[in-house]
Amino acid sequence: MTIPERNSEAEPRLNPQMAIELILGRQLISYLGVPMFLVDPRGDLLYYNEAAEAVLGIRFEETGRMLREEWSHVFSPTDAQGNPIESSELPLMIALEKGRPAWSEMYIHGLDDSTRHIEVIGIPVIGLAGKHLGGLAIFWEVE
Amino acid sequence: MTPWGTRGSLPAPGPESRRYGGNTSCVEVRCDSGALLVLDAGTGIRRLGAALKSGSPCENGLANRIDILLTHLHMDHIQGLGFFTPLYEPEMEIHIWGPASTARPLRQRLSRYLSPPLFPVHLRSLPSRILLHDVPREDLTVGNFRVTSAFVCHPGATVGFRIESPDGVIAYLPDHEPALGVRDFPGDPMWTSGYSLARGADILIHDAQYTAREYASHVGWGHSSVDQVLAFAAMAGAKHVVLFHHDPVREDEELERILAEALAKRDGSAVTVSVAAEERSYRLEKGELTVEPIPTTV
C-alpha cells in the first residue's frame, strides 16, 4: 500500500478562507476523541482528526487534502462480501447529495495495511443561510 | 467613517468614559456619492439620528435612503434602533440588513425587541418604509459602496462586513473571536474566521474587548484581546486597526495605556493602530487615511 502524495489540486482553489461553519467544524473535531472526517460540498477531503487517523491508518499531515475520487479509492471501502462500494453510495456522499444524514456499515483497508469493519454516519453541513457547505462523517470500528 | 458608539456589551456613560464614549456599537460610513451606511444600531445610533436631523444625510438622489447593517442581534447592537429618528419619518426608506437564520426571518427576530413589552412601538408600526434583508444571502451595492458579508466566530449568528469603495476598504468585525480553538493563533489564513473580510483592508474596525490577561478567563465569550487583534491584522495585511467594542468597565485612562502597549508591541509591523472614540472621524481618500483628533466636546 502506498501513501498518496499530497495533492496540489485538492489544495484551496481560489478560496482564501473557508466558511466559518467549516472552520468551527474543523476546530471542534480536532478536539474530539471520536473519529471524524470533514469534506467540502464536492466531497473533497478537508480534514480528519487524530482519532480518525488511527482507523484510516495514516496521519492527516501525510495525506493533506484529497479529492473525493482519491480518498474514496485510497481507503478501498467494500461491503461484507468484499465488493467495492461506489463513491456515490458512501454515507457522506449521500449526505451531500440528498442533504440528509445517512448511515452504513462497511469494511475499509487502511493505509497501515489493516482491514477494519466500521460503521459510518454522514451528516450534511448546512449553514444558517441555508447554504450547503460540506459534510461530516463520524465513524467507529465495530467490535 | 465616524463611530457614534464604541462600547461593547453595555452602555458605560460617566466621567470615566468621557473621552472615548459610553455608547454601544454604531458606526457611520459615508461616501461622496451620497450613500450612508450605519453599522450596527447600538445606543450610539440615537445621536447619529440627531446629527442627521441637523443636516441632509445624503445627496445625489440617495437623500431618503439609509442602510443599517446589523452584525447580529445581541442587545448592545440593536438597543438604539427604536430611537433612530429617521425611522419615524414617512419619506425615509430604511434598509435593515441582518444575519440570516433558517429558523425565523429577520423581521420576526428583530420584532422580539421592537414590540411590547420590551419596546412600546411595533416594528411594523414605524412610519418610514422599512425593508429587511438577510445577509450573507444578499450582497449590497449602494452608491459607490459594495458591501459583502460573511458569518464569523461569535456566539449566535453573527456576520462581519467588508465595505469597498474607490477610495478604499473598511472591514467591520466588532464582535469576533478568531483565536477560539486555534492552537497557534494566527494560523493558516484559509482556516481563520474573518480573514476574507479583513484581507488588505485600509481600516479594520475590530473587537478588542480584552487584554491578554482578561482573555484567558473569557475564552469562548466571542471577543478578542488586543494582542490577538494585532496578530490578526498583520496576518490579513490590514493597514490601520481601530480597537473597538471596549469593555464597559474600561476607563479612558486604561484605553490609553492599552493603546500605548499595543503600539509598543507592534514589533516592526506596518499596521497602525487607534482607539475608537465617539465622533472621531476617519477619512479615506484614494487609500490615504487621515485620522482626526478626538473631539473634546463628547
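Modeller: Chain B has seven helices and 15 strands, where helices (H or I, at least four residues) and strands (E, at least two) are DSSP runs numbered from the N terminus. This is a predicted model, in which local features need pLDDT of at least 70 and side-chain atom pairs count only at pLDDT 80 or more, while totals for chains, interfaces and linings use all residues. Residues are numbered from 1 along each chain as its sequence is written, and chains are lettered from A and ligands numbered from 1 in the order in which they are written.

Biologist: What radius of gyration does chain B have?

Modeller: The radius is taken over C-alpha atoms, and the globule rule is 2.2 Å times the number of residues to the power 0.38. For 298 residues the rule gives 19 Å, and chain B comes close to that, so it is as compact as a globular protein of that length. The radius of gyration of chain B is 18 Å.

Biologist: Which residues of helix α1 of chain B are buried?

Modeller: A residue is buried if 20 or more other C-beta atoms lie within 10 Å of its own, exposed if 12 or fewer, and partly exposed in between, with C-beta atoms placed from the backbone. Helix α1 covers residues 45-53 of chain B, and its buried residues are Ile45(B), Arg46(B), Leu48(B), Gly49(B) and Leu52(B).
They cover an arc of only 160° around the axis, which puts them on the same side of α1(B); the arc is that of the directions from the helix axis to the C-beta atoms.

Biologist: How far apart are the end C-alpha atoms of helix α7 of chain B?

Modeller: The expected span of a helix is 1.5 Å times one less than its number of residues. For the 13 residues of α7 (residues 252-264) of chain B that should be 18 Å, and the model agrees, with the end C-alpha atoms separated by 19 Å.

Biologist: Which residues of α7(B) are buried?

Modeller: An α-helix has 3.6 residues a turn, so residues three or four places apart point the same way. On the other side of α7(B), Glu253(B), Arg257(B), Ala260(B), Leu263(B) and Ala264(B) are exposed. The buried residues pack against α6 and β13 (272-275) of chain B. They are Leu255(B), Ile258(B) and Ala262(B).

Biologist: How many residues of chain B are in contact with chain A?

Modeller: Two residues are in contact if their C-beta atoms, placed from the backbone, lie within 7 Å. On the chain A side, 14 residues take part. From chain B, the number is 22.

Biologist: Is His109(A) buried, exposed or partly exposed?

Modeller: His109(A) is found in strand β3 (residues 102-109) of chain A, and touches Phe75(A), Ser76(A) and Thr115(A), not counting residues up to four places away in sequence. With 17 C-beta neighbours inside 10 Å, His109(A) counts as partly exposed.
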